[in-house]
Amino acid sequence: MAHQWQGVIREYIDRLPFAESDPIVTLGEGGTPLVHATALDARTGGEVYVKVEGMNPTGSFKDRGMTTAISHVLRSDAKIVACASTGNTSASAAAYAVAAGLKCAVILPAGKIAAGKLAQAIVHGANLVAVDGNFDDCLRIVRELTERFPVALVNSVNPYRLQGQKTAAFEVVDALGDAPDIHVLPVGNAGNISAYWMGYSEYAGHTTLASVDDSALHIEPVATKVPQMWGVQAWGAAPLVLGHPVEKPETVATAIRIGNPASWKYAEDARDQSHGWIDRVTDEQILEAQAILAAEVGVFIEPGSAASIAGLIKAAEEGKVPAGAKIVCTVTGNGLKDTATALAGRNLEINPIEPTLQATVEALAL
Ligand code: AN7
């Protein structure tokens, strides 16, 4: 019988701070496709794979960290979870809170959440608060809130989030047989790049700054090496590139519209320890990369995710991609979450025709 994927905690329980007897809240996250993007081979000279995280239950990589964070909350007395979000964390927290029987409060920057993500938080019954400010303001508020009230914080400053998210690196190694040469990621709050670096490092037999303990190392290493970590930020929201927080972050990629990332130190460590880099790309490059992945590979991703593809293409143009290098790009969220941005500037005037074959053939210019 075909293996039924058990969700990331059960699949990787020997490398996570969970025991078999612990309560586990899962929606079947993880086990996402690693797609060989031959069109990107041609464009970059590498061997390029995309890790399609939009295939997770709520359509983004956040579910990997939410299964661990929410399962951990069930070991405490908290009945309410809370998060700040640019959209995907709130969608995921809202869904996993439902699965766990918990209440969920989400603090969002007003007017800056893609419609699909907002719909998710609403249909899953989260208590929404819109703040006249940006994500960084929301995170500050939710940190203060969870310090003073019996509410569990499920942003990635909760170490259980990164524990779950590191499983994506395990899956990449399991699929390829070893670590790739280079791993490219979009960077917003900088949790995911820190989590991947932890995952790759632990699979190769060592811990990182973000590791909670060395329990994952009591097992034989699976990988013989670790990749270079390449991080990509949006031009107007690139604190890690500039080396200082950005007061008013701005980008079409609202998912990564973040000026003061919480995992700043972990991300710098991932960059430096792996001999990688963090660069930035313009909104135009992001939207072009989104269109390329949709039209040439067949994967529809959201703008925030396209930053990784844009960064890879930019690096190739600058001659930074070694010929034949094995490269994995994480594409973090599903394109269906934000169709308005994907369709902006496209011709949507499709005039109805007579309901006949002949009219159809003419319209198709066959
Ligand atoms: C699609 O949902 O921060 O660098 O509040 O939704 O780990 O923050 C989302 C971030 C990349 C950046 N791609 O990851 C939130 C939030 C997508 C995202 C990122 C996000 P991190």
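Biologist: How many of the 12 residues of H3 are buried?

Modeller: First, the ground rules. This is a predicted model, where local features need pLDDT of at least 70, side-chain atom pairs count only at pLDDT 80 or more, and totals for chains, interfaces and linings use all residues. Residues are numbered from 1 along each chain as its sequence is written, and side-chain values use heavy atoms, with hydrogens and water left out. Buried means under 20% relative accessible area, exposed over 50%, partly exposed in between (1.4 Å probe, protein chains only). By that cut-off, 11 of the 12 residues of H3 are buried. Among them are Arg64, Met66, Ile70 and Val73.

Biologist: What span should helix H3 have, and what is the distance between its end C-alpha atoms?

Modeller: Helices (H or I, at least four residues) and strands (E, at least two) are DSSP runs, numbered from the N terminus. The expected span of a helix is 1.5 Å times one less than its number of residues. For H3, residues 62–73, that gives 16 Å, and the end C-alpha atoms are 16 Å apart, so the two agree.

Biologist: Is glutamate 171 buried or exposed?

Modeller: Glutamate 171 counts as buried because its relative accessibility is 7%. It lies in helix H8, residues 167–176. Contact means heavy atoms within 4.5 Å. Leaving aside residues up to four places away in sequence, glutamate 171 touches Trp5, Val8, Tyr12, Gly30, Gly31, Thr32, Lys51 and Arg64.

Biologist: How many aromatic pairs does the structure hold?

Modeller: Rings of Phe, Tyr and Trp (its six-membered ring) pair if their centres lie within 6.5 Å; planes under 30 degrees apart count as stacked, over 60 as edge-to-face and the rest as tilted. The structure holds five such pairs. One of them joins tyrosine 12 and phenylalanine 170: 5.2 Å centre to centre, 55 degrees between the planes, hence tilted. Tyrosine 12 lies in the loop between helix H1 and strand S1, and phenylalanine 170 in helix H8, so this pair ties together parts 158 residues apart in sequence. Both tyrosine 12 and phenylalanine 170 are buried.

Biologist: What is the geometry of the tyrosine 196 and tyrosine 200 pair?

Modeller: Their ring centres are 6.3 Å apart and their planes at 45 degrees, so this pair is tilted. An α-helix has 3.6 residues a turn, so residues three or four places apart point the same way. Tyrosine 196 and tyrosine 200 are four residues apart in helix H9, which means about one helical turn separates them.

Biologist: Which ring does the charged end of arginine 15 sit over?

Modeller: A charge sits over a ring if NZ of Lys or CZ of Arg is within 6 Å of the ring centre and within 35 degrees of the ring normal. Arginine 15 sits over phenylalanine 170, 5.8 Å from the ring centre.
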